[in-house]
Amino acid sequence: QVQLVESGGGLVQAGGSLRLSCATSGRTFSNYAMGWFRQAPGKEREFVAAISWSASRTHYVDSVKGRFTISRDNAKDTVYLQMNSLKPEDTAVYYCAAQAVTYSRLTYYYKEIHEYDYWGQGTQVTVSS
């Protein structure tokens, strides 16, 4: 079992930046592929970014490519989402997620909600125009 706690959300003007963090506890962090998802009011939860256990592979939804960067620090059991050039349409609750991986899948990342077993409570990001 692993617990995930997001932080770093808040209110920012369009064009600004925020850095989200997701701290993990419980079982060894370094055996998990990680992802960020978001859910805007009245919309379904959607994929934002993912990173493999090895951090060698990342993937982003098209709408955030070039603006967001996912990274991880296995020594600190933390995954980050650096968000630059924020837009009002980025307003949402952001969730981090974890999926245990075996040794043969250390370079895998995952994009689908059903592929993740563990979720944080979410952090609100609001971008004003």
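Predicted model: local features only at pLDDT ≥ 70, side-chain atom pairs only at ≥ 80, totals over all residues.
A residue counts as buried here when its relative accessible area is under 20%. Cys-96 sits at 0%, so this cysteine is buried.

Cys-22 and Cys-96 form a disulfide, with 1.9 Å between their sulfur atoms. A disulfide, in general, is a covalent bond between the sulfur atoms of two cysteines. A search through the whole structure turns up one such link. The bond between Cys-22 and Cys-96 is right-handed, with 45 degrees about S-S. Since Cys-22 is in strand β3 and Cys-96 in strand β9, the pair ties together parts that lie 74 residues apart in sequence.

Next comes the sheet that includes β3. Four strands make up an open sheet, in the order β1-β3-β8-β7, with antiparallel pairing. At its edges are β1 and β7, each of which pairs on one side only. On average, neighbouring strands in this sheet are turned by 15 degrees against each other, ignoring direction. Strands of a sheet pair through backbone hydrogen bonds, and they can do so in parallel or antiparallel fashion. Between β7 and β8, which run antiparallel, there are six bridges. Arg-72 stands opposite Val-79 of β8.

Phe-37 has Phe-47 of β5 standing opposite. Together β4 and β5 form a hairpin with six residues between them, and Gly-42 in the turn has a positive phi of about 75 degrees. β5 also pairs with β6 (residues 58-60), again in the antiparallel sense, over three bridges. Here Ala-49 has Tyr-60 in β6 as its bridge partner. The hairpin of β5 and β6 has six residues between the strands too, and Ala-55 in this hairpin takes a positive phi near 65 degrees. Five of the six residues of β5 are buried, so β5 is largely enclosed by the rest of the structure.

Gly-35 is a handy spot to look at within β4, the strand in which it is placed. With a relative accessibility of 0%, Gly-35 counts as buried. Leaving out residues up to four places away in sequence, Gly-35 touches Ala-49, Ala-50, Tyr-95, Cys-96, Ala-97 and Tyr-116. Gly-35 and Tyr-110 are 75 residues apart in sequence, yet their C-alpha atoms are 7.2 Å apart in space.

On to the nonpolar cores. The largest has 28 residues, and the members that touch the most others are Trp-36, Leu-81, Met-83 and Tyr-94. Two or more residues of this core come from each of β1 (2-7), β3 (18-26), β4 (32-39), β5 (46-51), β7 (68-73), β8 (78-83), β9 (92-100) and β11 (123-128). The most come from β9, which gives four. As for Met-83, its contacts include Leu-18, Leu-20, Phe-68, Tyr-94 and Val-125, with residues up to four places away in sequence not counted. Apart from this core lies another one, made of nine residues, among them Phe-37, Phe-47, Ala-97 and Leu-106. Two of those, Phe-37 and Phe-47, are the residues that stand opposite each other, and Ala-97 is one of the residues that Gly-35 touches.

Key: Residues numbered from 1 in each chain as written. Heavy atoms only, no water. Core = buried A, V, L, I, M, F, W, Y, C linked by side-chain atoms within 4.5 Å. Buried < 20%, exposed > 50% of the residue type's maximum accessible area, 1.4 Å probe, protein only. Contact = heavy atoms within 4.5 Å. Disulfide = S-S within 2.5 Å. Pairing = 2+ DSSP bridges. Axes fitted to C-alpha atoms, helices over the stretch in contact; angles between N-to-C directions.
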